[in-house]
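Thanks for coming. Please have the sequence and the structure open while I talk.

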Amino acid sequence: MATAFRKTGISVVGDAPWGTHFCHFYETKQDLLDTVVPYFKAGLENKEFCLWVISDSDLITVEEAIEALAQAVPGLDRQLSDQNIEILNRQDWYFERNVLNLERVKNAWDEKLKRALARGYDGMRASGDTFWLAEKDWEDFFAYEKQINDWITDQHMTVLCTYPLAKSGATEILDVVQAHQFVIARRRGEWEVVETPELIQAKAEIKRLNDALQRVKEVSPERTLFLRYGVAVLSVTAALIIALWMRLELGQQSTPVVVLFLCGVMFSAWFGGFGPGLLAIALSLLAIDYWFAIPIYSLAVDIREIPRLIVFTLSALFVGSLSAAQRSKASSLRRARDVLDETVQELKRTNQALRTENADRKQAEEKLKATSERLRALTASVQSAREEEATRIAREIHDELGSALTSLKLDLASIRRETVDSASDTDLSRLREKLETMMQLVDQTVDTVRRISSELRPSILDDIGLVAAIRWQGEQFEAKSGIACRYDIRLEDVDLNRQQSTDMFRVFQEAMTNILRHAQATRVDISLKKEDNEIVLTIRDDGRGITADEKSGRQSLGLLGMRERVSLIGGAIDITGAAGKGTVITVRLTIPRKP
């Protein structure tokens, strides 16, 4: 199979040839999604049929996988309806009547690939997770992985197997490495590679060149038929002339005739092959019979000469065979050396190209990372400045404008008292009405000032803390919207710094605003608790449920702001929804350690 490199979508891997079977160890659910989602996105963009086998609902459900992929792949619904990608759970793929059936799985891989190629796809891209794998099934599954590794070599298929680090011991990790071409790992957003992609690509190139070496034919020009057989005639003629010259001219009766003619046969077979060697043997027998056997100068053979001729014939056949075989072997070695030299040169060029490409990619990643860090720092600075400005404005509105309005109300009250005795009853009634109206307007303005000040920066957040601020905001939401709020707050307070408390509160505010605007909910469940060393805030509504397009659309700036705020304080946010079952927003923030 000719080597065809495909985009894997995984930055640390780059491009990989068909027949790649590699493994990914992940630490968190997000690490898994950060690897598998771009992997399948690249497959869909490059005309490959995709199959994603989800492990277990305890880790991720099929619905969650679809939602995560929809954020990266526009129009995923159409891809699913066109059956360009299938997302299955492990029960449907690995099990038959609740019994693990790996033989059926191997046949299913083959059937899926054949069907994909028949439908016009370039090939197939697959991934299966092993979170479900039990210790009792490990030996059988490892054997199955090795079979897949051998089978996939010549297939238009790429397979990524994913393993959770938390459930993999040292022995299991070694087994997995042996059963795959290479292994990558992602831990808390950082990549690790057991074997470099450049080496994998070099191995694939070596395999391609080895295949070419096995198929190579004679590349050097063949000696012509006339030349090969002509040399045989000349060799025997030369042996005859030398033998006659030594006997007749030099008078040597013990001329080594057999040796001379064997040399002619050997040279003929070495130069022209076994056919010319046979011709040289036949001509040598005729020459020996006519010139050197009894009766001399005759083709008749004395019976006493027959053993001599038989021995010569057998010796000549043996010498000719060896010479022909040596020629064939030498020719093959020359061709192999030429191909090997070409292979070495091509590998050098490939290696240099890979090194250059890798250095460009690393530079781009470093620049992108630096730019992202600068943007993130800028965003944090803007957010911080905005909060500081909001705090200042809220303080000034509350203190100065609120004070002025209070003074105005007191003055109006004083005016009302002073005019009671100095006006007629009619004028007094009209004046009292105007004063009452003005005082009501002042009260409304004071309430408005307090509301605006609270929205800019709720003083309760600074005075009492995040827990009280969340409960207060929920009560304000319930009073404004009529949507019931239920609380499951198991903390008295949380030890967060000012920036973390502010961003957590703002995320909560944005979530409640989205519920009011879009969710069509009748109830909101608010949970705030501590899990291990994390603060977990969960907002769950019973509304229509957020869609994948809404989560990834250009209008979802509120969600983008929520994600950015959580990222700035080192947290993680997960937003899921199901039609008719509401939306769940979960924010996790690691509690900073005290020095």
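Is Lys-136 buried or exposed? Lys-136 has a relative accessible area of 68%, so it is exposed. Keep in mind that this is a predicted model.

Lys-136 forms a salt bridge with Asp-137, and the closest N and O atoms are 3.3 Å apart. Asp-137 counts as buried, because its relative accessibility is 11% and buried means under 20%.

Now the whole chain. The protein chain has 595 residues, and 40% of them count as buried. There are 18 helices and 16 strands. The accessible surface comes to about 33,400 Å², with 55% of it belonging to carbon and sulfur atoms. Among contacts with a separation of 6 or more, 72% are between residues 24 or more positions apart.

On confidence, the average pLDDT of the protein chain is 79, and 76% of the residues score at least 70. Over residues 217-221, pLDDT stays under 50. Where pLDDT is low, the predicted coordinates should not be read in detail.

Back to salt bridges. The count is 20. One of them pairs Asp-34 with Arg-186, with 3.7 Å between the closest N and O atoms. This pair links distant parts of the chain, since Asp-34 sits in helix H1 and Arg-186 in strand E10, 152 residues apart. Asp-34 is partly exposed at 31% relative accessibility, whereas Arg-186 is buried at 12%.

Another salt bridge joins Asp-488 and Arg-490, at 3.1 Å from N to O. Asp-488 is partly exposed, with a relative accessible area of 30%; Arg-490 counts as exposed at 56%.

Next, helix H11. Does its length agree or disagree with what its 19 residues should span? At 1.5 Å a residue, H11 should span 27 Å, and its end C-alpha atoms are 26 Å apart, so the two agree. The buried residues of H11 include Pro-276, Ala-280, Ile-288 and Phe-292.

Ile-296 is partly exposed, at 44% relative accessibility. Together with Leu-286, Tyr-290, Tyr-297 and Leu-299, Ile-296 forms a nonpolar patch on the surface, with about 500 Å² of accessible area.

Last, Ser-501, which is in helix H16. Ser-501 counts as buried, because its relative accessibility is 11%. Leaving aside residues up to four places away in sequence, Ser-501 touches Leu-461, Leu-466 and Leu-496.

Terms used. Residues are numbered from 1 along each chain as its sequence is written. This is a predicted model: local features need pLDDT of at least 70, side-chain atom pairs count only at pLDDT 80 or more; totals for chains, interfaces and linings use all residues. Side-chain values use heavy atoms; hydrogens and water are left out. pLDDT is the predictor's confidence in each residue, from 0 to 100. Contact means heavy atoms within 4.5 Å. Patches are made of residues with over 30% relative accessible area and no salt bridge: like charges are joined within 9 Å, nonpolar side chains (Val, Leu, Ile, Met, Phe, Trp, Tyr) within 5 Å. Accessible areas come from the Shrake-Rupley method with a 1.4 Å probe; for residues, only the protein chains shown count as cover. A salt bridge is a side-chain nitrogen of Lys or Arg within 4 Å of a carboxyl oxygen of Asp or Glu. Buried means under 20% relative accessible area, exposed over 50%, partly exposed in between (1.4 Å probe, protein chains only). Helices (H or I, at least four residues) and strands (E, at least two) are DSSP runs, numbered from the N terminus. The expected span of a helix is 1.5 Å times one less than its number of residues.
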